[in-house]
Amino acid sequence: QVQLVESGGGLVQAGGSLRLSCAASGRTLSSYDMGWFRQAPGKEREFVARIRWSTGSTVYAASVKGRFTISRDNAKNTVYLQMNSLEPEDTAVYYCAGRSSVDLGFPYWGQGTQVTVSS
């Protein structure tokens with residue numbers, strides 16, 4: 001089992017920045033993919049970014065590419081989402097998720113952290 005705890009959300013003005021953190025416990029993540037997803041009010045949860053822990057390779061949603069950066073810290077077993085040039089449309093609950101190399105989908109989820117961007 002992997003436990004994930006997000007932090008770093010908050011209220012920020014448009015154009016500002018936030019960094020989200022996701023601390024993992026229970027397993028080392030060397031064979032995992034870690035992702036960030038978000039869900040805005042009245043909308044379905046959507047993919048934001050993913051990082052393959054072993055190689056550091058990343059994938060981004062088109063809506064955040066060039067503005068958001070996903071990274072990981074091996075020593076801290078933590079994954080980050082640096083969000084720059086935030087827009088009101090980025091307002092959502094952000095979730096960290098994890099999957100091993102044998103999982104279908106992402107079975108491990110954090111509780112979510114609220115990000116609100118004011119115009």
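Tutor: At 15% relative accessibility, Tyr95 counts as buried, where buried means under 20% relative accessible area, exposed over 50% and partly exposed in between, with a 1.4 Å probe and protein chains only. This is a predicted model, in which local features need pLDDT of at least 70, side-chain atom pairs count only at pLDDT 80 or more, and totals for chains, interfaces and linings use all residues. Residues are numbered from 1 along each chain as its sequence is written, and side-chain values use heavy atoms, with hydrogens and water left out.

Student: How does Trp109 count by relative accessibility?

Tutor: Trp109 is partly exposed, because its relative accessibility is 31%.

Student: What describes a pair of aromatic rings?

Tutor: The distance of the centres and the angle of the planes describe such a pair. Rings of Phe, Tyr and Trp (its six-membered ring) pair if their centres lie within 6.5 Å; planes under 30 degrees apart are stacked, over 60 edge-to-face, and the rest tilted. By this rule there are five aromatic pairs. In one of them, the centres of Phe37 and Phe106 are 5.2 Å apart and the planes stand at 75°, so the pair is edge-to-face. Both Phe37 and Phe106 are buried. Tyr95 and Trp109 also form an edge-to-face pair, with 6.4 Å centre to centre and 75° between the planes.

Student: Which residues form the aromatic cluster?

Tutor: Phe37, Phe47, Tyr95, Phe106 and Trp109 form one cluster.

Student: Where does the charged end of Arg45 sit?

Tutor: A charge sits over a ring if NZ of Lys or CZ of Arg is within 6 Å of the ring centre and within 35 degrees of the ring normal. The charged end of Arg45 is over the ring of Tyr95, 4.1 Å from its centre. Arg45 also lies over the face of Trp109, 4.4 Å from the ring centre.
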